[in-house]
Amino acid sequence: MSKQIDIKDLDIFYGDFRAVDGVQMQIKPRSVTAFIGPSGCGKSTVLRTLNRMHEVIPGASVSGEVLMDGNDIYGAGVDPVNVRREVGMVFQRANPFPTMSIKENVLAGVRLNNKRLSKTEADDLTERALRGANLWNEVKDRLNLPGSGLSGGQQQRLCIARAIAVEPEVLLMDEPCSALDPISTLAIEDLINDLKDKYTVVIVTHNMQQAARVSDKTAFFNIAGTGKPGKLIEFNETSTIFSNPDKEETENYISGRFG
Amino acid sequence: MPISTQTTESGPTGPGSTPEPGQKPPQSPAAGQQKAVVRPGDRIFSAATLIAGILILVILAGVALFLLAQSKDTITAQISDPSQITGGKGFFSYVWPLVIGTLISAAIALIVATPFSLGIALFTTHMAPRKLAPVLGYVIDLLAAIPSVVYGLWGIALAGNLTGFYLWLSKWFGWIPIFAPAADGSVSQTGRTLLTASLVLSIMILPIITSLTREIFLQTPRLQEEAALALGATRWEMIRMAVLPFGKSGIVSATMLGLGRALGETMAVAMILSPGVLTASLVVSGNQTIASEIAQNFPEAAGLRLSELITVGLVLFVITLLVNMGARAIVARTSVKGS
Amino acid sequence: MTTMNTTTEAAVSKPAKLTSKQLPKATPWIIAVASILVAIVISFIAFGGFNIPVVAVLAGLINAIAVFAVSASYEGRRKAVDRIATTIVTSTFVLACVPLISLLWLTVSKGGAAISGDLLTRTMLGMKGVLDQQYIAGEATLAGGFYHAIVGTVLITLAACVISIPIGVLTAIYLVEYSNKNRLGKAITFLVDVMTGIPSIVAGLFAFALFSTIANVLLPGAAGIAKTGFTAAVALSVLMIPIVVRNTEEILRLVPMDLREASYALGVPKWKTIVKIVLPTSVSGILSGVTIAIARVIGETAPIMVTAGFAKTLNWNLFSGWMSTLPTFIYDSQLRPVSPGAAALASSERAWAAALVLVALVMVLNLFARIIAKVLAPKAGR
C-alpha cells in the first residue's frame, strides 16, 4: 500500500474566485507531510483536492494535475468515488455516523461499498481497524453502542479507524486535533507516527509544534491578502523549515513575526 | 463580489511562476464536469428526485388549467347570455357579493385573532411559569390540529347563545352599519350570522397564528434578551426592546398565513352561516363567502351550475394567491437583515 | 376599587439603595378577585342579572385599570407599565382559553354521551327517520353508525399518503441535495409555498375537475363517475405534498454537512450517502413531519365532499362509488338530519360522537409524531 503523490500546476477555484494558485509538490510514499499556514491560505483546500472532496462544494473546480503513482486523478473517465476509496480522509470535527454503533461505523465504508462480509471477516476487520487506530482496548467491550457516546478524542480515533478500514493508500487529515484536549491530541499524534509505516499521510494543522513533532516534510502556504489566492511558499524537510528555512516569509511565520 | 474580478487580474500579475491566461477560470469548471463520471445509481436517483420536483410544477399548473377548463361553460354563458347565470345578471354580479363576504369574514377573523395570538404567544414564552410553558405550547399545537368541521359543529351549538349579545350590540351600537338591526329592529333569531361565522373563524385561526408566533418568540436570541435585562429593563421593556423587533417579520408572516386560512376556510362558515344576500349588517342573517357557497351548493349542482361553482373556486384560488404573494413581499421587506 | 387604595397607603418608609417599593406578592390576586366582584355588581345593576360574558369583559377592564392605578401610585410608572402589560397579556391568554376549552369540553361531553360501540361498528344502511323518532321518544337506542366513515377516512388517507409521501420526500431531497439553489430549485420552493396556501376546497375542485375531464373523454356523459375515494385522495395529496416537502426539507437541512463529507471520503457514491446516511439520520424527523401532515389532512371536509360525495354505506373500493369520511359524515349528519323536527337531535348526537372520534384520532396522531421524534432520534451526539 501507500502511493506517491505528484501535484503539478494546481489551481483551485470557487466559481470565478481563484482560491489557490500554482501549487507544485511531490509527496513521497510512507511519509508524513504537514501543511501549515495562516487561516484562509488554502491549505485545507489543497488537501481536499487530493481526494476530490472539494467538488462537494458547489461551484468548486481545479485545473492542473494530481498524479497518484503516475495516474492523474483528474484525468478523463476518473470516477471521484473510486479516488476517495483510495484516499481516506479524517475531518476537523469527529463525525461518526449517529445512527450506527461503533462497529457499524468502522465497517460503514466497506458495507456501503457493497462488499459482503461474513461475520468473522467483519469481526476481524473491526478489530484490525480499531487496533490500527489505537482504540481497540478502550472500546472492545462496547462495540455495539452508538459511536456518539465516546469522548471527543475517541470519536476522532474512531473516524481514523473508519477511514483505514477501507484500506486506502493515502490518508488525509484536516486539522484532526483542533477540537481535542492535549491528552487526546497526544494519542492521535502517536497514532500518526504508527500510520506512516503503512500509509502516505498528509495532515493540515494550525499548530506548528504539532507539524514539527509528527511530520517528515512540511509545506508552508501563505496568502497575500483577502481576496488574493493562496500560494505554496516553501516545501521542505520539516527540520529545515523549522530551523533554517529557505524563504524569509517562512521564517517570519515560524518565528511568530508575521506580516 | 468586486473581489472576484480583482482576483482574476491579480493571478497573472502576481509574482507567481505560472503565467496563467486570465480567461482560464470560466473554462475549467466545464472541463471538470466533462471528465466526471456519473454512476447509474446516481443518475437514477437524481432523476427520480428531479421528476418529483417537476411533478409539483405540473400539479400546480394542473390546478389552474383544469379549473379553467371546467369554467368553460360559465365563460360561454357569460358571453352569449349572462341571464343564464345564477342571479340572472351575469357572473360578476353573482360573484361580487361572495368576494366581499369572504374578505369581510377573513378580515374580522384576523382583527380579532391577532392580538389574542400575540398575547398567548408572549404569555407562553415569557410570562407563564417555567414548568407550565411547554405544556401550554403543546396544547396550542394540538388545538391548531383540530379539524375545522369540529369548530363548525361547536359554532352551531354556540350560535344560539349569541342572539342576546347581538340584540344588545344592535341596541347600543346600531348606529354603526355593521351592527345595525333589521328594519323591524330584530336581529337573527338563530345567531347564524356572518359575525358568528367570523368569530368562530378567528378562534380557529388563533392556535395557528399562535403556534407560529410562539416559535418566532422562542428564537429570540437569548443574548439580546439578557442584554436588555442587564440594562435594567423591566420584563415588558425587555419584550419591547428585544422580542417584538426580532419577531416582527415572523408575526407578519404568521398573520398572513392565518389570513390565507381564513379566506379559504370552508366548513366553519358553511355550517354556521345561513346565507343570504349581501348586507352591511353582520348581526342579521345574510351574506355568503366563496368557499361556503361552493360547499353548500356543490353536492346538488350539475351542468352550468357546477361550472359556475368551479369558476367561483378559481376566483378564490386567485384571491388566495394574491394574498400569499403580497404577504411574501411584505415579509421580504420587513425581515431583519443580518442579526 | 376603593378598598384597594387603603392597602397602597400602608408602609411609606424611605427605600434603601437597592430595594424599591414593591407591592406584596398577593396584590394582583386580591385586585383580580375584587375586580370580579365589582363586575358582578355592575352586571346586576346595569343588566339586571348575572351574565358571564359581561362579567368577564368588565372584570378584565376593571382589573387592568386597578392594577395600573395601584402600581403607578406605589411602585412608579415603569413598574406599572410592566404590570399592566403582564395583566393584559395574561388576560388575553385566559380569555382565549375560554372558547378553546369550551370546544374541547363540548366535544368530550356531547360526544362522550352519545358514543357507543354500536356507532363504531354500524353504518347508516337502512336508516329511517322513524328510528330516530323512536330514540328521541325514549323507545329505542340510538340507531345508525359511522363504521363506513371510519373505513373511508382510513382508505382515503392511506391513498393520499401513498401518493404524496414519495413525491414530497423525493422533492425535498432534490431541493436539499441536488438543486444547489438553481433556478428550478427556487421555482419549486416558491411553488411549494404557493401550494401551502391553496384553499382546501380549491384542491377538491381541482381533483374533481381533473377526473371529470378524464371521465368525459373516456365515457362521454358519465361525469358522475368522477366522484370516488381516489379522487378525494388526489385532492388531499395536493394539500399534503407541500407540508411533507416543507417538513422534510427542514429536517434534511439539519443533517450536518460533516456526515455527508465523511461518507463521500469513504468512497461512497452520493445517492448511497443519501439513502444510507442522510435519510437514516433524519428518519425520525421525516416520519414525525409526515404524521403531522396526515393529522392535518385527515380532518379535511371540503375537498372530500366535492370529490367523494356522501355515502351512507360501506364502500371498500377507492376507484368506484361514493365514500364517506368522518368529517363529511359530521357535516352531513348535522346539516341534513335523517329525521326532521325534534328527532334531528339524534343525527346531531351521531355527529358529535364522530367528532369525538375524529378529534381523538388527530390528537393520537400528533402525540405519535412527538413520540417518534423522541424515540427514533439518533442518540445524543457529541
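**B:Leu153 is buried, with 30 other C-beta atoms within 10 Å.** Buried means 20 or more other C-beta atoms within 10 Å of the residue's own, exposed means 12 or fewer, and partly exposed lies in between, with C-beta atoms placed from the backbone. The model is predicted: local features need pLDDT of at least 70, side-chain atom pairs count only at pLDDT 80 or more, and totals for chains, interfaces and linings use all residues. Residues are numbered from 1 along each chain as its sequence is written, while chains are lettered from A and ligands numbered from 1 in the order in which they are written. B:Leu153 sits in helix α7 (residues 148-159) of chain B. Helices (H or I, at least four residues) and strands (E, at least two) are DSSP runs, numbered from the N terminus. Contact here means C-beta atoms, placed from the backbone, within 7 Å. B:Ile272 is 119 residues away from B:Leu153 along the chain, yet their C-alpha atoms are separated by 8.0 Å.

**Chain B meets chain C.** In this interface, 66 residues of chain B contact 70 residues of chain C. Helix α3 (residues 40-70) of chain B gives the most to chain B's side, with 20 residues. That side of chain B divides into 47 nonpolar, 15 polar and four charged residues. Nonpolar covers Ala, Val, Leu, Ile, Met, Phe, Trp, Tyr, Cys and Pro; charged covers Asp, Glu, Lys and Arg; the others, Gly among them, are polar.

**Chain B has 14 helices and zero strands.** Read along the sequence, its pattern is α-α-α-α-α-α-α-α-α-α-α-α-α-α. Of the 339 residues in chain B, 45% are buried. Take the contacts in chain B between residues at least 6 apart in sequence: 75% of them join residues at least 24 apart. An unreviewed UniProt entry places the feature "transmembrane region" at several stretches of chain B, including residues 94-123 and 306-327. UniProt positions follow the numbering used here, feature names are shortened, and annotations may be inferred rather than shown by experiment. Residues 94-123 of chain B are 100% helix and 0% strand, with end C-alpha atoms 45 Å apart. Residues 306-327 of chain B are also 100% helix and 0% strand, and there the end C-alpha atoms lie 32 Å apart.

**Helix α12 of chain C bends by about 60° at C:Val283.** The bend is the angle between axes fitted to the seven residues ending at a position and the seven starting there. α12(C) spans only 36 Å between its end C-alpha atoms, whereas a straight helix of 29 residues would span 42 Å at 1.5 Å a residue. The expected span is 1.5 Å times one less than the number of residues. Of the 29 residues of α12(C), 22 are buried, so the helix is largely enclosed by the rest of the structure.

**Chain C meets chain A.** Here 21 residues of chain C contact 24 residues of chain A. On chain C's side, α11 (257-265) and α12 (270-298) are the elements that give two or more residues. The largest share, six residues, comes from α11(C). This side of chain C divides into 11 nonpolar, four polar and six charged residues.

**Chain C is assigned domain 1 (2-10 + 20-114) and domain 2 (147-375).** The bounds come from an automatic or database domain assignment. The centres of the two domains, taken over C-alpha atoms, are 43 Å apart. Six residues of domain 1 of chain C contact seven residues of domain 2 of chain C. Domain 1's side has two nonpolar, three polar and one charged residues.

**A:Asp69 and A:Glu175 are non-glycine residues with positive phi.** Most residues other than glycine have a negative phi. For A:Asp69, phi is about 50°. A:Asp69 lies in the loop between β4 (60-68) and β5 (71-72) of chain A. With 12 C-beta neighbours inside 10 Å, A:Asp69 counts as exposed. For A:Glu175, phi is about 45°. A:Glu175 lies in the loop between β7 (170-174) and α7 (182-195) of chain A. A:Glu175 is buried, with 20 other C-beta atoms within 10 Å.

**A:Glu104 is partly exposed, with 19 other C-beta atoms within 10 Å.** A:Glu104 belongs to helix α3 (residues 102-112) of chain A. A:Leu143 is 39 residues away from A:Glu104 along the chain, and their C-alpha atoms are separated by 8.4 Å.

Notes
Two residues are in contact if their C-beta atoms, placed from the backbone, lie within 7 Å.
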